Amino acid sequence: MPHFFFDTDDGDFRFEDDEGFELPSLDAARLEALDALPDMARNKLPDRDRHTFSVRVRDADGTLVYSASLDLVGEWHVPRGHS
């Protein structure tokens, strides 16, 4: 079974996966990467209104095979401090 590594970046912390794990296919690795992005956003309450979360997938040879990012964009529509 192919081995994949998932490197993540939440804008403040970059993690390079040195263990990875086995998945049945490139498509399965893609799904894992896409599933990781909302979890990253949920686990890190952003302290600003613009934030990018990203994940890069490498194969056992270290070749980049897939990457994805999720942009958080928050905007105020009323002056701050009003309900």
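**Fold, overall form and the setting of D9**

The C-alpha atoms fill a box of roughly 55 × 20 × 15 Å along the principal axes.

This is a predicted model, in which local features need pLDDT of at least 70 and side-chain atom pairs count only at pLDDT 80 or more, while totals for chains, interfaces and linings use all residues. Residues are numbered from 1 along each chain as its sequence is written, and side-chain values use heavy atoms, with hydrogens and water left out.

Of the 83 residues, 25% count as buried, meaning under 20% relative accessible area with a 1.4 Å probe and protein chains only. One of the buried residues is D9, with a relative accessible area of 17%, and D9 is placed in strand β1, which covers residues 3-9. Beyond its neighbours within four places in sequence, D9 is in contact with R14, M40, T52, F53 and S54, contact being heavy atoms within 4.5 Å. With R14, the side chain of D9 also makes a polar contact of 3.1 Å, that is, a pair of N or O atoms within 3.5 Å, of which, within protein, one must be able to donate a hydrogen and the other to accept it, and residues adjacent in sequence count only if both atoms are side-chain atoms.

Note on methods
Helix = DSSP H or I, 4+ residues; strand = E, 2+ residues; numbered from the N terminus. Buried < 20%, exposed > 50% of the residue type's maximum accessible area, 1.4 Å probe, protein only.
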